[in-house]
Structures are given as C-alpha cells and as structure tokens.
Amino acid sequence: MFYGAYWEKKWASYYWRFNFGLWNKTIRDINSNHPVFGQFFNDFLTKDLDEIYNEKVKIENIDFETTNELDIFKWYASKLGGDMWKQGTYIAVNHYNHTDNDYYFKKIRELVNIKGTFNGGSPQVLTELVK
C-alpha cells in the first residue's frame with residue numbers, strides 16, 4: 001500500500017469493505033491505475049530494505065484532516081505493522097456498530113479490521129491498537 005492503492009473497495013449492504021488480501025491481483029497489477037508491485041520490485045532491486053522503509057513506510061507527518069483513504073491506511077499501517085491485520089485482510093468503514101468518528105482522523109468513521117464480514121472473529125477498531 002505504500003506504493004499506491006491496491007485494495008478492492010465494495011459497498012457491503014450498509015458499510016464499505018476494503019479487501020487488502022488480493023495479493024495475486026496486486027502482483028500482476030490487475031485492476032490497478034498504478035503498477036504498485038512493479039514499483040516496489042524496482043525499488044527492491046536498487047535499494048536496501050532500510051532505505052525503502054525510511055522512504056515509504058516510516059511516516060513522520062500526516063494531515064489528520066485528510067479523508068484520503070490511501071494516506072489514512074498508510075498511516076495506520078506504519079503505526080501498527082502486522083497488528084493492522086490480526087482479524088483478517090479486510091477493513092470496514094461506516095458499519096452501524098461503529099458509528100463514532102476515528103480518533104485520529106476526525107472526518108471519517110472508525111476503521112475496523114474484520115475477517116471478511118462482521119460474522120465471526122473479533123472485529124478490531126484500529127485506533128484501539130495504536131500505542
């Protein structure tokens with residue numbers, strides 16, 4: 001995600017569901033406006049991982065007034081790492097059980113990591129994971 005939006009976004013009856021688990025589409029750059037995997041691979045061939053981390057993953061400044069999904073997801077991923085995905089590869093927004101605004105990004109609703117739907121698993125609000 002640090003190279004561009006690669007998720008699949010769908011309206012799931014009453015909330016937005018972002019699927020980040022389509023790794024096979026990401027690698028082949030299917031349905032993408034930007035070749036995100038190709039960009040990463042080019043960096044990987046010419047830079048070391050510390051350099052890539054410092055340039056792409058480590059986010060020092062963010063406009064907390066933004067509603068840009070990519071920027072928000074990147075900020076959470078930089079803060080949470082793998083903890084962002086403990087419940088599954090989906091992030092949900094605007095679910096009726098999670099109507100509060102996000103703690104950090106006040107112009108959007110809470111972001112919730114889910115298994116795929118809200119049936120099963122333990123949906124996790126991302127703000128509760130940030131230390």
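Two strands are said to pair if DSSP finds at least two bridges between them, and strands themselves are DSSP runs (E, at least two residues), numbered from the N terminus, as are helices (H or I, at least four). Colleagues, the model before you is predicted: local features need pLDDT of at least 70, side-chain atom pairs count only at pLDDT 80 or more, and totals for chains, interfaces and linings use all residues. Residues are numbered from 1 along each chain as its sequence is written, and side-chain values use heavy atoms, without hydrogens or water.

I begin with the sheet. Five strands form an open, antiparallel sheet in the order β1-β2-β3-β4-β5. At its edges stand β1 (8–11) and β5 (124–125), each with a single partner strand, so one side of each has no neighbour in the sheet. Strand β2 (residues 16–19) runs antiparallel to β1 and is joined to it by 4 bridges. Which residue of β2 is the bridge partner of Lys10? That partner is Arg17.

Helix α4 (residues 69–80) packs on this sheet, touching β1, β2, β3 (90–93) and β4 (111–114); contact here means heavy atoms within 4.5 Å. The direction of α4 makes about 65° with that of β4, where angles run from 0 to 180 degrees between N-to-C directions and axes are lines fitted to C-alpha atoms, for helices over the stretch in contact.

I turn now to a pair of helices. The axes of α2 (residues 36–46) and α3 (residues 49–57) come within 8 Å and cross at roughly 135°. The contact is made by Phe40, Asp43 and Phe44 of α2 together with Leu49, Ile52 and Lys56 of α3.
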